[in-house]
Every structure is written in structure tokens, then in C-alpha cells.
Amino acid sequence: MRYSETTASVLLSPPFSGWFAEKGWQPRVHQLELLARAGRGESLLLIAPTGAGKTLAGFLPALTDLARRGKIPPGSPFTGIHTLYISPLKALAVDIERNLMKPVSEMDLPITVETRTGDTPQAKRQRQRLAPPDILLTTPEQVALLIANAEAPRFFKDLKYVIFDELHSLVTSKRGHLLSLGLSRLRQLAPRLSTIGLSATVAEPMELRRWLVGQEAGEERHAGLVIAPGGAKPVITILKSREHVPWSGHSAKYAMPEVYEAIRAHRTTLLFVNTRSQAEILFQELWNINEDTLPIALHHGSLDVGQRRKVEQAMAENRLRAVVATSTLDLGIDWGDVDLVIHVGAPKGASRLAQRIGRANHRMDEPSRAILVPANRFEVMECQAALDANYIGAQDTPPVGEGTLDVLAQHVLGMACAAPFDEDALYREIVSAAPYSGLPREKFRRIVDFVATGGYALKTYERYARIRRTTEGLWRISNPRVAQQYRLNLGTIVEMPMLNVRMVKRGSKGAARRGGASLGKVEEYFLEMLAPGDTFLFSGKVLRFEGIRENECLVSQAFSLDPKVPSYAGGKFPLSTYLAASVRDMLDDPARWGALPEQVRDWLALQRDVSALPRRDELLIETFPRGSRHYMVAYPFEGRLAHQTLGMLLTRRLERAGRRPLGFVATDYSLAVWALDDLGYAFAAGRPALSDLFDEDMLGDDLEAWLDESFMLKRTFRNCAVIAGLIEQRHPGKEKTGRQVTVSADLIYDVLRSHEPDHILLEATRNDAAAGLLDIRRLGDMLLRIKDRITHRRLDRISPLAVPIMLEIGKEPVAGEAQDFLLAEAADELLAEAIGKDPTQDR
Amino acid sequence: MQRLTLASADIQDCGSLSARTAVAGVDAVCDPLGALYLPQTRLLVVSDLHLEKGAAFARRGMMLPPYDTLATLKVLEAAVDRYDPAIVVSLGDNFHDRTGSAHLPEIFRARLTQLARGRDWIWINGNHDPDGVTGLPGQSADELHFAGLAFRHEPSLLSPAGEIAGHLHPLATVIRRGKAVRRACFATDGQRLLMPAFGLMSGGLDLRHKAMTGLFERARLVAHLLGRDRIYSVRFANLIG
């Protein structure tokens, strides 16, 4: 069936056809197709590029249906909501309300539209429960709250459409798992509802189509698919700089004059970077050369909210010429009249790049313009590989992943808060959600047990149970306080401890310096690495760390342009492994070097002269000293996740061999480990031999042992424990964390691991780590391939190829001997003092 | 959890791994298990056991693991074994909440009773358990003055001389070569000594926290950090940098 003008007149009732005509618009084919099929009750996935009228398409079935229904006469029985729209961002829901009210009021449709987010006042929420709007625009967290309410059946009984905007970003991660469970409950409450998923272009839409509909055992079900034709192909170029492209670094400082020229030549430019620290540096560099004082602003997630809102406002009003931004500006929000996107740094995940380039132009028939600016020579190769592969058109398929157990525990408690539940019935409902379709019954029983009493082998908490079985065999909450606690702690976004950064006068630490400007928030983990006097870059300034006062990080203006601590590395991406492999192939094939700029060819030649080039089926290892440390850099090109796992396992082995490793850092291409001992000498002397160090058997016991004591695993555990409701972030009446309710997740982890290593929450933690952070299969293949093919170069200084990773030196500490070595060193310093003994002894 | 490992390891010969200090002229040994031993009076001090912390949270709806009491008791048994003290002083916050000792499972009560056999056991009251303990051997008291020292839960701002106190759970951070290591510690300037928290599921406060202000003469303050298998003594001024 073709959806042309004639079908349009059939499908679109007069107010709609009239409205389109008045606007001089033609309903698009995909809009009509979606309208026709959804109207027949089909659940659908619409894939459309930015600017294709995706949102209007999503709402058309609901709007036409509601227009047909007409106004509900006063005195009618209670009517629940008709359409639920769910967006990943609060701001997007608000934006959509504005856009949706336009056609509704212009056509004078008898339809009520309201938003409900975390910011909605209590009174309005109360009123919404009593008199629901026809269309409710909301976020996944609000959906979880609404279905955990006793009135949910009434509220949702008339639900006909559920629209998921930006579905490709809603389904990933634990937030998507919780939402899939919420959808499974909505299907129970309104069995006839249809879902409409709106998504940007994805390479493999099958998973999204599965997600949208209820699953049954032994049979995969899928929503229908509607594809809007792509717009004009974006014009992407790599900046061919007249300047010298540096060997290393991420600032792209060299290209700033050319970037600045590009900004001047366009109306509004968006400059995207991969990390917050890069955004800081780039912004500073641009202002250094901003001779015309063009309005250029900075936007990233660590900045003060007020500051961010100001930038967004100015952007929407077209008052800015350029904004330097990180992923906080992602997703399909309309940001004014952008006509150029500049992407500084490696293109990394092609998916993000496509999204960012889509931003440049909301008129589909004009090509978007984008310029890639590689910050160093490695990135030149990566940009070239990305263009060669013509990879930028489609997005990586979003990883939906298997439903996690911590999210399941949260949902089970929520369902008990709604109404007493039958365990078997709830299980059937849950396995209808695609991410949980493979959940074994026994595991579900253990989760219910966990929700009730913590699920411990030692049964001492029966009398404190949060949910109990009634005499009819239904699980119900033991008192109303449980529901109150649930509502306060709902959600899957667990914040890492952050401290406010406040500017004070230099050198002071007393209470006298209140009132300095607040610059934003920084992760506590980062600050633990700083000593007073250290300088670092934040909020566009070089700051001097003065110390920590209660929950604030005090800083002063540093009179230096050269921060000592390289970066505040907030907001790192999970990267695509695709491009890393392409770069390795390019390196190994000098015939392909022709496409690279001369400078980069020179760099590779230099690397070949002073060390060696990594070959496709070999593993190149370099060792060299630098500062008071010794480094090993390996080049496996297997992607950051696999390298991270390798780094953890290697440091364990090195520690066991007594080489005192201190830490490691991984990139998509390489891995650097640093130690107190001379690693080059150790490998040459066979203590340990490299072939033993990289033996495959590390994936056996070492992996197990590492998993059990890793710092990273503790962070993962904290996440799981909060989501699963083992640890509360907030307690009724004590919303501001008091000492009574705070408890260290690390300590709980230690106690649990030594007493009940098979506990369901530890299982959830290991699953999370294995799926998200380890990439073990890939690592195993690599170790097998490079067996007896390791090339070791002992150098007396850093090699050209090693420079990029050396600038990434990270924060993952190594537990164990090296830690105690540092303590011993501090203790030795004490001994070395003139007194030479404990000062409390010399009385 | 390293203390748990340590407690179960061979602990017969450990003299060299502890640190000697003195409080108001009274000799004391800081043991890496987190206990303080006064050899002249054969008195062992532990502080902030926070027994039944998991259960205290479970009563409020957070099902923390029920294993903290057992873990802490094991280390306590190891410490008592090591010194065979005549007197044990538990310096307050012995239980995590007021009803903790009344609800203590029998199996743990029996172990504590066994441990106290043949010695004097003093339970100093803390802010978590101000009403004392029930159903356990020994005596409860708000403070103890003995052998020239004052034993109380919360440090007093009035009389630092010869005070052994708990309550604050001191931690110290050492930064070397760009890496930070944070451990529980004994903190003393020779006049007052703050005990590390003995409870295995207890957190702590850094010595630089404002709650510590005014408690010590900082020039003479030394932190005795609980290392993996020994005490590391670091002067306050040398903790960072």
C-alpha cells in the first residue's frame, strides 16, 4: 500500500487536512503510514533522521483519535489518560509540550496535554491523578512512580498509545530495563495499548522492535517497522590544517586559528568534544584568540545549573556564535539555527557523531556541514578510517542488554507498593518484557526473597521483612513506610559522590572565606588524588586546590597557565571498537598511508625508526622510564574495555612478581602500566618473561581473584546496591544525608563477599562488570592470537606512538602491596627526620 | 576486611608489627587489629564495635548483611587471645542502636560471654547505646578513670590530659607519588588518644575533618595507621605530600 495524497484525505479528518493545507505542508509518507497502521492497533517503530517530522508522526494517531472522540461531557465517569509520551530528558518533555500545543490550539482540538516531571509541583500531581489529561508527557522515572501507586489501574485503564521518543537512547542501560518492566505492567493495566517507538537511524533495529511488544515463551515478537527516507547526505571533511599537527594531546590547540575562522564564516557553530576537560581547554584557547569578541559559550554537565540554563537560553535565541559542548547537549533538542558542527578529537562512536552532525541542520533537504578536527596524529588516522569506511551514516545498534537484577528488585518492590501481588503472575508479566524474557523462575524467587529480607543465607531478618506473604499467598508491603521509602529512592541514576567547587582567596582555609563563587561540581574520586597546591583545569580556569571543607572543594585562582594535574576527566565515553581495528589495519599497510597528511606519515616513520610499528598479528610492547616511574605500553588495538580488563589482570601479575605496579590506563589502541620497578629490565631478565605475563591462563584464576577485590567492582556494587534498594540514598525525614543513614557500600561489599560470596547482589555486580566493563571474549581471542608473537622494545624514553596514552594517565589505583609500600615510604620519611622517633616518646 | 584476614592468620608473633606510644606517660601498644593495649595494667581497649549494625538498619527497612557482628567478634576474639588482658574496656557505641544488645542472637551472646570469662569487662556507654548493654557480662559506665587515664566515648574538650576516647572513627590519608591511601588510625599527641573504630562495618572521619579541630596539638600529632599487617606511624604534617 502506498500512502499518497489520496490516502491522506481518507486518513486525515478535516481539521488535520485543513491544518496541513493552511501551513502549506504535505503530510509525509511515513507519517501517513504510521497513522494508518497504528490506527489498526499495530505497535510500530519509526526510524527517521532528525528533522523528518518524527514527533508529529508519533502523535498523529493519538491526536486524530482524540479529535474523533471529542470533548468528554461533564459528569461522565472517570476517564484515564489516553496517550503516554515518554522522553529520556525532562527538558525534551517540556519542549514537546510547546511544539504539540501549537497544532492542538491552531486546530482548536478538544485535547488536554500536560507534563509531569520531577519538577512538577505536588499539587499539580495530585490534581493529575484525580483529573488526568488526555496526553501526559513524562519521563521513565515518573512512569515507575505512577505504576507503583494503588490508583494505577484506574489511571491507566483507558491508555491507548505509549510513545517512546529517542527510543535508541531510552532502551540502553538500567534505565531502559526499568522502563521495559514498567511497560510490561502498563500492558497488564491496558491490554489493548499500542506502542510507538521513535528512533534515529540504527544499524540493526530488530532489538528495538522486540523491546516494544510483549514477549511470549518460545516465540520472538516484533513491532512493525516504518522507515522515513534519509535526508541529504552530510558533507563531512577532515580539517586539513596548514599548521603542524601535534604528535599527542587532546586540545587541538594548533587548529584554533582555523576553527576560529570557520566560526566567523558561519552563523552558529556547535563545537563538540569528547570529555569535559577537552571542553575546558578548547574554550580557553578560543577565547585567547577571540579578537572580535564573538559570543562563544561553554556547556558541560559539571557546570553550575544556572550557568547552563543561561547558555541554553542564549542559544535558543540565536545570540551565540558558537558553543563548546560535551554530551550534555546531545539528543534531539532544538538548539536554534546551527549551520556548522565541528567535532574536535577522535570521532569515537560513530553513533554519537551521526547524532551530532544531524544537529547542524533541521531542514532535511539541505546537506549538513561538519568538520572533523583531529587533535593529534592518532586521531588523524581514526578520522580517515571513519571516512574510508563510510561508517558515519548509521548508528551502532544500541546495546539493550540482558535485564539486570538490581533493577528487577526495585520493580518488584514497586509492584508490591501498588497492590499485593501473586508471585507467579508477576513472573509471567516480567518475562514478557524483552530484556527479561530469559529470566529463570528460580532467580526471580531469589529476587523476591531479596526484596523481603535481603536474601541472606542467615535468616535473622524475618521479623523485619519489607514484604510478607498474606494468608492468601500474596506478597504485600509490611507497612506504609516501605512505600514511602521506595518512592524516595526510585530510579536507576546513581550519582557518584560529588563536591561543590568554590572559589576562595589563596592560602586561606578558615571560615572567613564564605561567599566565593560556586563553579560547579567535581567527583570526589578525582579530588582524592589532589594535594593542596596542585593546579588543575576546571570551568575554563586553571585552579589551585586549597583543600576540602565539609562537602566543598576550595580552590583559588592559579597564576599559571600550565595545570599540574592533566585533567578532570569527567564524562568518559564507552567507545566503539570498530574504528580501533580499522586504524590497526591502516598502520600495517603503508600503501594506505598515502591518504594521510605528510606530518602523520612522518610521525609513523619516526616511530618505525626509534621503536617499531605495531603489526597486525603481533603485539608490540615498549618499556621506558619517565619521572620516578617505569612504564610499559602495549598496543593490542582491541578497544578500551578489553584493554581495561587486560590492564587489571597484568597489574595483578606484576604485583605478584614483586614489580610493584602503581596503576594503568587504557585507550582504544593501547594500554600503559606504570610501576616503581624497572619493567624493561625485569622483562629482559625474565622476571617475569613477557610470554608468561601475557599467557592466556590469566583469564582463569587471576580474573576470579581480581574480580573479588577490585576497586571498580566496588563502584559497580554501590550502583547495584542503591538501585536494588539495599542502600538508601534518601531516608524519609532525612533527605539530607545524616550520619545515621549513610553507610559505606565498600564495607558492605567486603562483609558480603567474605560471608556470602554467592549472594544475588554480588551475582548482579559480577554480571554488570562482565557485560559492561570487561569484554572478556575479545581479550581471550587476542591473547591466543599473539602467543609467541610479542615484540619487546626497551627504550630510554617515551616513543612517539606512546605519547597519546601517556596523556590519559588515569585514576584506577592498585590495591595491595604498592599501597602498603607508599605507607611504608611515608613512615620512612618520619624516621628520616632528625628526631628519628615518635615525637610523643621523647618526653 | 584486611583485619579479618589478619585475625584469622597466624598471629602469635606480632610484637614488631605494632607501635609503641605513650599517653600522659602511660605506655601503650597500638595493635594493627585496631585495639590498644596497656601493658602495666594488662588492660585492652577497643572502641566503637557497633555490633548488630546490620540488624539496626534492617529494623529501619535496609537489609544490610547480617554478618557484621560475627566478623567483628572474630577480630575481637583474636585481639583478646593475643594479649590475654585482665581488663577489657569497650569504649562506647558497643551496639549500633539502643535495642541492639537486647536483640543480640544467642549464638553471639554465648561467644561474648565466653570471651569475658576470667576478666573484668567494662562497657562504656556511647551515643548510639546510652542506656548500657543488657544480658551480657561486665559493667556499664559513662566513664572510667583508671591508672591515671580517663576512658570515655566522646572526647572532652575540657581535659585532654590522659584521655582515651572513641566516637570519631579517625582515618588518615597518606598521599605519595600521586596516589592516596586512606586507613583507620590511632591518633595521639601524647596527651589524648583517639581510637580507631573496631567495628568491621564502620566508616570514619578524616583527621582533617573539622570535628577533630582543637582536639590535638597538631605539631605533636601522630597517626598510627592500620596497615595490612602492621602499624604505620606517620606524623600529621607528613600525611599529605
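**Close-up views of a predicted model**

**View 1. Ala223(B) sits across from Val234(B), a residue of strand β16 of chain B.** This is a predicted model, where local features need pLDDT of at least 70, side-chain atom pairs count only at pLDDT 80 or more, and totals for chains, interfaces and linings use all residues. Residues are numbered from 1 along each chain as its sequence is written, while chains are lettered from A and ligands numbered from 1 in the order in which they are written. Strands (E, at least two residues) and helices (H or I, at least four) are DSSP runs, numbered from the N terminus. Five bridges link β15(B) with β16(B), residues 231-235, and the two run antiparallel; DSSP must find at least two bridges for strands to pair. A hairpin of four residues connects them.

**View 2. Strand β15(B), residues 222-226, is mostly covered.** Five of its five residues are buried (20 or more other C-beta atoms within 10 Å of a residue's own, C-beta atoms being placed from the backbone; exposed is 12 or fewer, partly exposed in between). Val222(B), His224(B) and Leu226(B) take one side, and Ala223(B) and Leu225(B) the other.

**View 3. Ala223(B) is among the residues with the most contacts inside the largest nonpolar core, which has 182 residues.** Such a core is a set of buried Ala, Val, Leu, Ile, Met, Phe, Trp, Tyr and Cys residues joined through C-beta atoms within 7 Å. Helix α17 of chain A (residues 405-418) gives the largest share, nine residues.

**View 4. What length should helix α14(A), residues 305-316, span?** At 1.5 Å a residue, its 12 residues should span 16 Å, and the end C-alpha atoms are 16 Å apart, so the two agree (expected span: 1.5 Å times one less than the number of residues). Asn318(A), with a positive phi near 60 degrees, follows α14(A).
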